[in-house]
Amino acid sequence: MFKLKLPTDPRWANIAEGNIEEILTDHAWCEQKAATNAITLITMLPEYPEIITELLAIAQEELDHFNQVHEIIKKRGYTFGRARKDDYVNQLAKFIVQGSRDELIIDKLLFAAMIEARSCERFKVLTENIKDEELKVFYRELMISEANHYTSFIGFARQLGDPETVNRRWEEWLEYEADIIKSYGNKETIHG
């Protein structure tokens with residue numbers, strides 16, 4: 001569906017499952033950052049009330065996901081750690097075009113779509129490979145939500161820009177992401 005060029009090695013799920021407390025803390029902070037990103041996009045698009053309405057719903061859903069993960073952490077007696085630096089996301093951010101306002105907005109939407117696509121793919125890997133039944137169900141539900149967010153961000157980009165140009169740029173994002181993701185998949189973090 002996402003056309004990701006390099007799938008996650010299923011063995012990453014074993015690494016993640018080896019330290020559930022860490023993966024959950026990292027995941028919670030990823031959800032908080034996703035909510036913040038949706039709010040930032042709102043500030044860039046005041047002239048598009050329909051998109052703002054959808055971004056508000058995404059931000060609220062991401063905060064709800066944050067809360068759900070936080071509740072799992074508390075229920076299991078884990079310690080909720082501090083926010084983590086996300087090297088994968090920081091590397092992706094370097095690819096954002098610093099051109100015109102319109103180019104920047106399109107690229108920020110594609111950046112968000114890429115993160116959602118990889119997160120969804122990682123949730124699928126967890127769902128298919130971990131033994132923890134509660135988390136299997138939880139990540140399956142989140143996988144569907146992340147796929148919807150991906151679709152929304154791609155749709156917004158196509159709505160605001162020329163669809164063919166956006167599609168070409170998306171292909172560039174896919175190539176760039178495939179190159180950087182080679183360095184990840186060996187830590188108990190959602191993108192690590």
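Biologist: Is Thr79 buried or exposed?

Modeller: Buried means under 20% relative accessible area, exposed over 50%, and partly exposed in between (1.4 Å probe, protein chains only). Thr79 has a relative accessible area of 56%, so Thr79 is exposed. Keep in mind that this is a predicted model, where local features need pLDDT of at least 70 and side-chain atom pairs count only at pLDDT 80 or more, while totals for chains, interfaces and linings use all residues. Residues are numbered from 1 along each chain as its sequence is written, and side-chain values use heavy atoms, with hydrogens and water left out.

Biologist: Which residues does Thr79 touch, not counting residues up to four places away in sequence?

Modeller: Contact means heavy atoms within 4.5 Å. Thr79 touches Glu21, Thr25 and Ile73. Thr25 is 54 residues apart from Thr79 along the chain, yet their C-alpha atoms are separated by 8.2 Å.

Biologist: And how do I read two packed helices, say α5 and α7?

Modeller: Two packed helices are described by the angle between their axes and the distance between the axes. Axes are lines fitted to C-alpha atoms, for helices over the stretch in contact, and angles run from 0 to 180 degrees between N-to-C directions. Helices (H or I, at least four residues) are DSSP runs, numbered from the N terminus. Here α5 (residues 101–129) and α7 (residues 163–181) pack at about 50 degrees, their axes 10 Å apart.

Biologist: What do you call that arrangement of α5 and α7?

Modeller: Under 35 degrees counts as roughly parallel, over 145 as roughly antiparallel, 65 to 115 as roughly perpendicular and the rest as oblique. So α5 and α7 are oblique to each other. Residues meeting there include Phe111 and Met114 in α5, and Trp170 and Trp173 in α7.
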